[in-house]
Amino acid sequence: VSLNGKWGFIDKTNLVVVDLVYDQANDFQEGMASVCIGAKWGCINSSGAALIPFVYDRSFLFINGEAKVVQGEKRFFIDKQNQFLREEEKREELESH
């Protein structure tokens with residue numbers, strides 16, 4: 001939910017469960033939501049605790065235990081413990097297969 005330009009989360013009874021402190025937010029997926037403070041993205045749990053630090057220029061939803069993140073010019077995948085998994089394949093490599 002958004003109010004006065006800040007995002008947070010409410011439960012099914014409309015009670016705030018994560019304070020409205022984020023500049024941008026994505027829905028929860030696999031128990032985590034990607035949220036942004038200032039220009040940096042990280043991930044929180046349903047209580048609002050930061051599970052992935054706010055160090056990424058962009059963070060996407062977790063799918064099958066991994067999420068794509070962007071840090072500067074680098075695009076790669078991390079797991080739920082913020083461990084590097086692999087680089088993102090370049091488009092031209094995908095198109096040539």
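Strand S9 (residues 66–71) and strand S10 (residues 74–79) pair in the antiparallel sense over six bridges, where strands are DSSP runs (E, at least two residues) numbered from the N terminus and two strands pair if DSSP finds at least two bridges between them. The model is a predicted one, in which local features need pLDDT of at least 70 and side-chain atom pairs count only at pLDDT 80 or more, while totals for chains, interfaces and linings use all residues. Residues are numbered from 1 along each chain as its sequence is written, and side-chain values use heavy atoms, with hydrogens and water left out.

Within this pairing, Lys68 stands opposite Phe77 in S10. The hairpin of S9 and S10 has two residues between the strands, and Gly72 takes a positive phi near 65° there. On the way to strand S11 (residues 84–87), S10 pairs again in the antiparallel sense, over three bridges, and Ile78 stands opposite Phe84 in S11. S10 and S11 also form a hairpin, with four residues between them, and Asn82 in the turn has a positive phi of about 65°.

Another part of the structure is an open sheet of three strands in the order S1-S2-S3, with antiparallel pairing. S1 and S3 stand at the edges, each with a single partner strand, so one side of each is left without a neighbour in the sheet. Strand S2 (residues 6–10) is joined to S3 by three bridges and runs antiparallel to S3, and Trp7 stands opposite Tyr22 in S3.

The structure holds four aromatic pairs, a pair being rings of Phe, Tyr and Trp (its six-membered ring) with centres within 6.5 Å, called stacked if the planes are under 30 degrees apart, edge-to-face if over 60 and tilted for the rest. One of the pairs is formed by Tyr22 and Phe54, which are stacked at 6.4 Å centre to centre with 15° between the planes. Because Tyr22 lies in strand S3 (residues 16–22) and Phe54 in strand S7 (residues 50–56), the pair ties together parts that are 32 residues apart in sequence. Tyr22 is buried at 6% relative accessibility, whereas Phe54 is partly exposed at 24%; buried means under 20% relative accessible area, exposed over 50% and partly exposed in between, with a 1.4 Å probe and protein chains only. Phe76 and Phe84 form a tilted pair, 5.6 Å centre to centre with 45° between the planes. Here Phe76 counts as buried at 8% relative accessibility, and Phe84 is partly exposed at 48%. Ring pairs link Tyr56, Phe76 and Phe84 into a cluster.

The structure holds zero disulfides, a disulfide being a pair of cysteine sulfur atoms within 2.5 Å. The sulfur of Cys36 is 11 Å from the closest cysteine sulfur, in Cys43, which is too far for a bond. Cys36 is buried, with a relative accessible area of 2%, and Cys43 is buried as well, with a value of 0%.

Val1 is found in the segment before strand S1 (2–3), and at 41% relative accessibility Val1 counts as partly exposed.
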